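Please look over the sequence and the model that follow, keeping charged pairs, surface and helices in mind while reading.

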Amino acid sequence: MTFLQITSLLIVLAGAFGAINYLFLRLPSAIGILVVALLASFVVMVIDLAAPGLGITDAVRSTVLGIDFSDALLEGMLGLLLFAGALHVKLSDLRREWVVVMLMATIGIGLSTAIVGYGFSWLTGMPILVALVFGSLISPTDPVAVLGVLREADLQKSLETKIAGESLFNDGVAYVVFLVLVGLAFPGDDDHGSSLTDAIQLFFQEAVGGAVLGIILGWLTFRVMRRIDDYSLEVLITLGLAFGGYELAVYLHVSAPIMAVCAGLLIGDVGTRHGMSEETRHYVEAFWKLIDEILNAVLFLLIGVEVFAIAFEFEYLTAGVAAIALALVARLAAVAVPVLILRPFRDFSAGVIPIMTWGGLKGGISVALALSLPDGDWKPLILTATYIVVIFSIIVQGLTVAKLAERTGRAPELLP
């Protein structure tokens, strides 16, 4: 199938599955599309078991595998989704939370990677470096999944800011940690070298370089937009920033996700307040909200049909279920440790830890990173475990996080 045919098919299916969800399931839109896609995939598998001569599953699987999910997300959709997500998170809202957000996005990611990695190695016998790669790709809370669910959950604004802000930053940090660990675990399969010195250099090059590039490009774009009063042109300029900035970051070998987040935060705060008219602000926000929702729908559809790419073997499935528990314990540590570090200096509501633990959803980025791994003996296990954790996270945690917020009083606030 050509690129245009695949794109058309995905949009048609996303619209159809979204309509089915709206008319019958009434789930939050992104989760509903994923559930319908997953159910449709299982129906195809059951039909194939009943009538194997039709070869339906093989035909669908070849189509699904023909869509390079990893490249489609990491090199295409991710820049737009991260930019759109950051655009709606204001720097002023993050200012009060920046210390805890940064600790969770750094110390938290390190703790989570280590807990999942060592635990998964002990459970499966996987080499520790390979298991740490799994820990790094399953640790980030996917901003695409998180922001998609938060729009439907009607959480308190300050709590939404903490969860969304942390997910935007820990996504970029975890991606850099993943690249470093892949270089160590698979030294012949990347261009970054495999020594510890190379790993440290890569981390700072990716993380710091991505942030600096995002701030520079965001600032230059803001200065240009201040001189223009044409909403259609300014919308086009922001689109160019998201597309061009992401590709420039890839070319310069700095973190493209961190670049997209930093540029989006700057345009969404400084740019909208000082560089846009009221009319332009309205059109820019509406445009990016629409882009975000369309890409969200397509991404959750893709996650649902990627079930055809996993291995249905008993030991893989049981390891995946165990990985759910590991991921939750690791997420609890990633949230609780920064809170305990800061507790002597500020007060926390008791609801912060359970809400941020349960609200830290995994998503398409984890699946894309798993698919991007070099082929080997452990890749099918990692991919299957990742998929199980992501499906559980989006459906079970995503559908219950609002109820948990209500149970804890909808006020898990950081007190001044």
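At 58% relative accessibility, Glu 278 counts as exposed, where buried means under 20% relative accessible area, exposed over 50%, and partly exposed in between, with a 1.4 Å probe and protein chains only. The model is a predicted one, in which local features need pLDDT of at least 70 and side-chain atom pairs count only at pLDDT 80 or more, while totals for chains, interfaces and linings use all residues. Residues are numbered from 1 along each chain as its sequence is written, and side-chain values use heavy atoms, with hydrogens and water left out.

The side chain of Glu 278 meets that of Arg 281 in a salt bridge, at 2.5 Å from N to O; the term stands for a side-chain nitrogen of Lys or Arg within 4 Å of a carboxyl oxygen of Asp or Glu. Both residues belong to helix H13 (residues 278–305), where they are three residues apart, about one turn of the helix; helices here are DSSP runs of H or I with at least four residues, numbered from the N terminus. Side chains of opposite charge can pair when their charged atoms come close.

In the whole structure, a search finds five salt bridges. Among them is the one between Asp 58 and Arg 61, whose closest N and O atoms are 3.6 Å apart. Because Asp 58 and Arg 61 are three residues apart in helix H3 (residues 56–66), about one helical turn separates them. Asp 58 is exposed at 54% relative accessibility, whereas Arg 61 is partly exposed at 28%. Another salt bridge joins Lys 379 to Asp 375, with 3.3 Å between the closest N and O atoms; here Lys 379 counts as buried at 15% relative accessibility, while Asp 375, at 72%, is exposed.

The surface also carries a nonpolar patch formed by Ile 200, Phe 204, Val 208, Val 212, Ile 216, Trp 219 and Leu 220, with about 660 Å² of accessible area together. Patches are made of residues with over 30% relative accessible area and no salt bridge, nonpolar side chains (Val, Leu, Ile, Met, Phe, Trp, Tyr) being joined within 5 Å and like charges within 9 Å. Accessible areas come from the Shrake-Rupley method with a 1.4 Å probe.

Val 337, in helix H14 (residues 314–342), is partly exposed at 29% relative accessibility. Leaving aside residues up to four places away in sequence, Val 337 touches Ile 107 and Leu 111, contact meaning heavy atoms within 4.5 Å.

Definitions and conventions. Helices (H or I, at least four residues) and strands (E, at least two) are DSSP runs, numbered from the N terminus.
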